[in-house]
Amino acid sequence: MSRVAAIDCGTNSIRLLIADPLETPNGPGLAEVVREMRIVRLGQGVDSTGELAPEALERTFAAIDEYAALIREHGAGSIRFVATSATRDATNRDIFVAGVRARLGVDPEVVPGETEAALSFAGATSVAPAAAGTRILVIDLGGGSTEFVLGDAHGPLASRSMDMGCVRLTERFWGAQQPTAETLAAARTQINAVLDTVEESIDLGSVEKIVGVAGTITTLTAAALGLEHYDSSLIHGAEPQLSAYESAIDLMLGADRQTRAALGYMHPGRVDVIAAGALIFGCILQRVASRTEGRITTATASEHDILDGIALGLRPGL
């Protein structure tokens, strides 16, 4: 099967995976060739203006130019470009679509939240599939939205995509300022209202395992593990106690910008939005722990996510 290239363009970052499809004991898999990430903040201001900003488009197109060169260099025969929350919300998405087509020769798929959720579940469980009978909640915490997918070994059972992400929440409640007790309380109230809506579709009390994906959660995992630097090999598959995540979340909420920026595992593009992401993840963990009456005591981090799901979808017959 020919080499494939998958691109995931979210609100905060744009990522590339070039891989060779293969068969594994667990079913379809991928042999990774290249995995890249650029934080371009495509969703800058979209929550308030409804449009993609010219400077955000410029940053994103520059990253796509780099990715196009890598795709040519590594000879990927199939390309799939998926755009999510920020592009869904933008009234001027046609400019973005035309720019992607000009650079890659493919149209971006501006997918609905439910598709985004299914792709996230496929990617998160591709390396470590759910054990028979185990209900997994995959949480994909992005810049503009968060996807919740409850599933088992047979695939997703229920999902919900909500317009709640680290960039969107930051812009709504404190922007470039340090969050205060008042703004954190207001944001927490909104998060919990969103979780009430999630529970209309997903039985959080039935969850037996949490798997978290995307940069906010993997960064919090690095903090929970006490890492000095970001190390994917240590983060992927790690299962810290919820108490360790709570300490990491408290760190992000209490630290000023300079302190967050000095953390060795912190990507510069996450410094301004990690507090909001930490608050969202903390509220989710608290809600699941409460609904499961304390049965959930850990959460697993996965470096495999929607990007892997996109690539898996390029396999013949899928």
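1. A residue is called buried here when its relative accessible area is under 20%, exposed when it is over 50% and partly exposed in between, with a 1.4 Å probe and protein chains only. At 12% relative accessibility, Gly 10 therefore counts as buried. Gly 10 sits in the loop that links β1 (4-9) and β2 (13-24); helices (H or I, at least four residues) and strands (E, at least two) are DSSP runs, numbered from the N terminus.

2. The model is a predicted one, in which local features need pLDDT of at least 70 and side-chain atom pairs count only at pLDDT 80 or more, whereas totals for chains, interfaces and linings use all residues. Residues are numbered from 1 along each chain as its sequence is written, and side-chain values use heavy atoms, with hydrogens and water left out.

3. As to the overall fold, the protein has 13 helices and ten strands. Its radius of gyration is 18 Å, close to the 20 Å that the globule rule gives for 318 residues, so the protein is as compact as a globular protein of that length; the radius is taken over C-alpha atoms, and the rule is 2.2 Å times the number of residues to the power 0.38. The C-alpha trace spans about 50 × 45 × 40 Å along its principal axes, and 56% of the 318 residues count as buried.

4. Contact means heavy atoms within 4.5 Å. Of the contacts between residues at least 6 apart in sequence, 69% join residues at least 24 apart. To return to Gly 10, its contacts, leaving aside neighbours within four places in sequence, are with Leu 42 and Thr 84, and its C-alpha atom is separated by 9.4 Å from that of Ile 39, which is 29 residues apart from it along the chain.

5. For helix pairs, axes are lines fitted to C-alpha atoms over the stretch in contact, and angles run from 0 to 180 degrees between N-to-C directions. Helix α10 (residues 242-254) and helix α12 (residues 274-291) pack at about 150 degrees, with their axes 9 Å apart. That makes α10 roughly antiparallel to α12, given that angles under 35 degrees count as roughly parallel, over 145 as roughly antiparallel, 65 to 115 as roughly perpendicular and the rest as oblique. Residues of α10 in this contact include Tyr 245, Ile 249 and Met 252, and those of α12 include Ala 278, Phe 281 and Gly 282. By class, the contact of α10 with α12 has twelve nonpolar, one polar and no charged residues, where Ala, Val, Leu, Ile, Met, Phe, Trp, Tyr, Cys and Pro count as nonpolar, Asp, Glu, Lys and Arg as charged, and the others, Gly among them, as polar.

6. Helix α12 also packs against helix α7 (residues 181-198), at an angle of about 50 degrees and with the axes 10 Å apart. The two helices α7 and α12 are therefore oblique to each other. Among the residues that make this contact are Arg 188 and Asp 196 of α7 and Arg 287 of α12, and by class the contact has eight nonpolar, one polar and three charged residues.

7. Helix α2 (residues 54-74) and helix α4 (residues 93-104) pack at about 25 degrees, with their axes 9 Å apart, which makes α2 roughly parallel to α4. The residues of their contact divide into nine nonpolar, two polar and two charged.

8. In helix α6 (residues 166-173), the buried residues include Cys 166, Arg 168 and Thr 170. Helix α6 is followed by Gly 175, whose phi is positive, near 55 degrees.
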